[in-house]
Amino acid sequence: MTSGASEEQRAVSLIELARVEVGYHGAPVLPPIDLTIAAGQAIGVVGPNGSGKTTLVRTMLGLLRPVRGAVQFPLRRRPRFGYVPQRAAADAVFPLTSLEVTLMGRYGLIGPLRRTRPADVEKARAALRDVDAEELAVRPFHALSGGQRQRVLVARALASEPEILVLDEPTNGLDLPSERAMMELVRSFTARGIAVVLISHQLGAVADHVGTLVVVAGHDHPVAVGPRAELLTSERLSRIYERPIVVRVVDGHSVIYVDGGSQR
Amino acid sequence: MGDPTAVMGFWEAWPLWREIVAVAIIAAAMCSFVGVYIVLRRVVFVSAAMSQMSGVGVATAFFLCSVMHVEPHDAPLWLHPLWYAIAFAALGAGLFSLNLGHRRLASETLVGLGYLIAAGSVILILNSPRVSQEAHEVNDLLYGNAVVSTPAQLTIVALTAVVVAVVHALFGKEFRFTMFDAEMARTLGLRTRGWSLLLFLTFALAISVSTRAIGALPAFAFMVIPPAVGLLIGDRMWSVFAISIGVGSVSAFLGYYASFRWSLPTGASMVVASAVFLVPSLLRLRAR
């Protein structure tokens, strides 16, 4: 359930981290990490709250400088990123429609001193259509529900024609149908060759939707990076989290829980 | 408006007030325009702090004139208080655009510190024995004088408004994105620190020139009240800007008229006139 991207698309590495340490003010919050993201790949970055997931991804996005090492771009240019933050930093006081918010995703491509063109508006509308939010186009952004805002922000990220789309806790606050719809979207993005990075504190929420897992558990634990099939086993997860974890597959879906604890 | 002779007197006195009213309307429109960003960014006291910092510039210019034994009226161009006012306000813009918050000190506390240090510095400089004899003139330059104006002042205010308008026309979309969601803007490759600095520099320009032209209180009021009215009534950015500019301009004129008609303090009349527009907008908000 990882992607429908062609092999050719998959071969294109967009970003590489080799022994990169991430953190703040010179203090790493995670051990060194090696990671490559290729076009059309779906990657899940999972770990408990406060374990360093968002710090890792913000470093990949260029919002934070690595403490050690460097983020490499094999294409010799920074890939186009789309980012939907965990708690949207977008200020809802602004009197903007959903279409205007989505159109902002085009600003990086348009560049300064140039106005938005009808083609940009059409791209923004198409992005809203992609996330099934076209009917929200004229609605004020501040009047939308949490789930609707999330969709509009995904549309804005899509409007930027991203090569890598980063979704931080994309299912937080969503009901089950919305969560399912969001994951269907993720699948459609990877099928179009967009690399998707899903960040979540709930391993079960992303496990079935990614091909590669990055499991972070704080500075004192090595970062585990590998194919989902390798990492998503009771034995590996128990070792990573240092507690008995059970992985079962029920009706094709992974169910993960702490042995003796509640299912997740 | 019950006394028609007073109204006639106002229009007959047109040559007396046309410049200061033009100055007030342009300054009010400019402050009301940039004020939309200031209110949206929730940094209304940044404008007060920048106003004080530009005051330090004026006081510094006068101090330098006295040290160099130059009469302020005959000072060379490089000693003109306006340049120093703009330079010091720009310094404030640079500091405040960085949003220098700290775990123990919120960024608004730093704005407060900037205001207090600047206000204290102005008083200290103006109380230096060399400058005190110019206190009246410095006071006018510091806190403005919405009663009289000169063609030169009108030119300065109009040119400043044109510069601010052109910068916003060219880079409005970058300013909006940076203010709305700086993190996403940076992700898309926008240099948000640079855009934020440029935006704050337009604040500095508007504040330092307007404060000198119409006074600190009305300049501050026009940066807060008309944008608040605009945000209460308008649903789109363009309508908020239009309402804010309209309310600011009309308030400047009404305030001056009320001041002329009933011999009221001009700056305070402008502030109250703009505050009147809050009433229908608050009623509309309640009705929603």
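Predicted model: local features only at pLDDT ≥ 70, side-chain atom pairs only at ≥ 80, totals over all residues.

**Chain B, the fold.** I read chain B along its sequence and noted the pattern α-α-α-α-α-α-α-α-α-α-α-α-α-α. The tally for chain B is 14 helices and zero strands.

Next I looked up burial and surface. Chain B has 288 residues, and 50% of them count as buried.

**Cys31(B).** I went to helix H2 of chain B, residues 14-40, and picked out Cys31(B) there. Is Cys31(B) buried or exposed? I noted a relative accessibility of 0%, so Cys31(B) counts as buried, the cut-off being under 20%. Leaving aside residues up to four places away in sequence, Cys31(B) touches Ala206(B), Ser210(B), Ala219(B), Phe222(B) and Met223(B). I also checked Ser244(B), which is 213 residues from Cys31(B) in sequence; in space their C-alpha atoms are 9.3 Å apart.

**Gly215(B).** My next stop was the loop between helix H10 (192-214) and helix H11 (216-233) of chain B, where Gly215(B) sits. Gly215(B) has 3% relative accessibility and therefore counts as buried. From Gly215(B) to Thr266(B) I noted 51 residues in sequence and 9.6 Å in space, C-alpha to C-alpha.

**Tyr256(B).** I found Tyr256(B) in helix H12 of chain B, which covers residues 237-262. Tyr256(B) is buried too, because its relative accessible area is 8%. Ala273(B) lies 17 residues away along the chain, and the C-alpha atoms of Tyr256(B) and Ala273(B) are separated by 9.3 Å.

**His69(B).** His69(B) is in the loop between helix H3 (44-67) and helix H4 (81-97) of chain B. Its relative accessible area is 68%, so His69(B) is exposed. I jotted down its phi, near 55°, which is a positive value in a residue other than glycine.

**Chain A, the fold.** Then I turned to chain A, which has 10 helices and 13 strands. Of its 264 residues, 52% count as buried. How does the radius of gyration of chain A fit a compact globule? For 264 residues a compact globule would have a value near 18 Å, and chain A has 19 Å, so the two agree. The C-alpha trace of chain A spans about 55 × 40 × 40 Å along its principal axes.

For the surface of chain A I wrote down about 11,900 Å² of accessible area, 49% of it belonging to carbon and sulfur atoms. Its side chains include 31 positive and 27 negative ones, and the centres of these two sets lie 5 Å apart. Among the contacts in chain A with a separation of 6 or more, 64% come from residues 24 or more positions apart.

**Domains of chain A.** The domain assignment gives domain 1 as 1-79 + 163-237 and domain 2 as 88-162. I looked up the C-alpha centres of domain 1 and domain 2 of chain A and found 24 Å between them. On the contact side, 12 residues of domain 1 of chain A meet nine residues of domain 2 of chain A.

**Arg156(A).** Which residues does Arg156(A) touch? I first placed Arg156(A) in helix H6 of chain A, residues 146-159. Its relative accessible area is 0%, so Arg156(A) is buried. Not counting residues up to four places away in sequence, Arg156(A) touches Val101(A), Thr102(A), Met104(A) and Gly105(A), along with Phe177(B), Phe180(B), Asp181(B) and Met184(B).

**His25(A).** His25(A) has 85% relative accessibility and so counts as exposed. The phi of His25(A) is near 50°, a positive value in a residue other than glycine.

Notes
Residues numbered from 1 in each chain as written. Chains lettered and ligands numbered in written order. Heavy atoms only, no water. Helix = DSSP H or I, 4+ residues; strand = E, 2+ residues; numbered from the N terminus. Rg over C-alpha atoms; globule rule 2.2 N^0.38 Å. Buried < 20%, exposed > 50% of the residue type's maximum accessible area, 1.4 Å probe, protein only. Contact = heavy atoms within 4.5 Å. Areas by Shrake-Rupley, 256 points an atom, 1.4 Å probe, with all protein chains shown as cover. Lys, Arg positive; Asp, Glu negative; His and termini not counted. Charge placed at Lys NZ, Arg CZ, Asp CG, Glu CD. Domains from an automatic or database assignment.
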